[in-house]
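Work through the exercises below with the model open. Each task is followed by a solution in steps.

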Amino acid sequence: MAETTATVGSTVGLHARPAALLAEAAADSDFEITIALEGEPAEDALDAASVLSLMGLGAEYGQTVVLRAEGDGAAEALAELKQLIETDHDAEG
């Protein structure tokens with residue numbers, strides 16, 4: 001199982017646009033990717049491909065989340081999602 005942590009970079013947290021971008025990227029991957037707030041049990045992790053799950057997670061700016069996926073190439077997929085989470089999408093154009 002691959003696992004990585006990421007710090008939420010968007011000033012609004014994982015809401016609206018950042019959640020939609022992350023869910024789309026997770027859905028486009030070949031993996032079932034889960035996300036949880038750091039410190040929460042793995043069994044409480046949510047589907048990262050679901051906008052509603054991401055918004056329900058309540059991850060705010062500066063909080064750390066944990067991404068997990070299983071399979072060959074999962075670490076690379078998680079690295080791409082980490083970059084999305086750590087970008088402030090509200091600061092872009």
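**Exercise 1. The sheet**

Task: Find the strand order of the open sheet and state how the strands pair.

Solution. The model is predicted. Its open sheet has four strands in the order 1-4-2-3. Pairing is antiparallel. Now take the edges. Strand 1 (2-7) and strand 3 (46-47) stand there, each with a single partner strand, so one side of each has no neighbour in the sheet.

**Exercise 2. Bridges of strand 2**

Task: Trace the pairing of strand 2 with strand 4 and with strand 3.

Solution. Start with strand 4. Residues 34-37 (strand 2) and 64-69 (strand 4) pair in the antiparallel sense over four bridges. Thr-34 has Arg-68 as its bridge partner in strand 4. For Ile-35, the bridge partner in strand 4 is Leu-67. Now turn to strand 3. Strand 2 pairs with strand 3 over two bridges, again in the antiparallel sense. Here Ile-35 stands opposite Leu-46.

**Exercise 3. A helix on the sheet**

Task: Which strands does helix 3 touch?

Solution. Locate helix 3 at residues 74-86. Helix 3 packs on the sheet and touches strand 1, strand 2 and strand 4. Then compare directions: helix 3 makes about 10 degrees with strand 1.

**Exercise 4. Two helices**

Task: Describe how helix 1 and helix 3 pack, and classify the residues of their contact.

Solution. Two packed helices are described by the angle and the distance between their axes. Helix 1 spans residues 16-28. Its angle with helix 3 is about 175 degrees, and the axes are 10 Å apart. Angles over 145 degrees count as roughly antiparallel. Helix 1 and helix 3 are therefore roughly antiparallel to each other. Next, list the contact residues. Helix 1 supplies Leu-21, Leu-22, Ala-25 and Ala-26. Helix 3 supplies Leu-81, Leu-84 and Ile-85. Finally, sort them: seven are nonpolar, none polar and none charged.

**Exercise 5. His-89**

Task: Is His-89 buried or exposed, and what does its side chain reach?

Solution. Check accessibility. The relative value for His-89 is 6%. Buried means under 20%, so His-89 counts as buried. Follow the side chain of His-89 to the backbone oxygen of Leu-84, at 2.8 Å. Last, collect the contacts. Leaving aside neighbours within four places in sequence, His-89 is in contact with Ser-10, Arg-17, Pro-18, Leu-21 and Leu-84. Among them, Leu-21 and Leu-84 also take part in the contact of helix 1 with helix 3.

Technical notes. Residues numbered from 1 in each chain as written. Predicted model: local features only at pLDDT ≥ 70, side-chain atom pairs only at ≥ 80, totals over all residues. Heavy atoms only, no water. Pairing = 2+ DSSP bridges. Contact = heavy atoms within 4.5 Å. Axes fitted to C-alpha atoms, helices over the stretch in contact; angles between N-to-C directions. Parallel < 35°, antiparallel > 145°, perpendicular 65-115°, else oblique. Nonpolar A, V, L, I, M, F, W, Y, C, P; charged D, E, K, R; others polar. Buried < 20%, exposed > 50% of the residue type's maximum accessible area, 1.4 Å probe, protein only. Polar contact = N/O pair within 3.5 Å; in protein donor to acceptor, adjacent residues only side chain to side chain.
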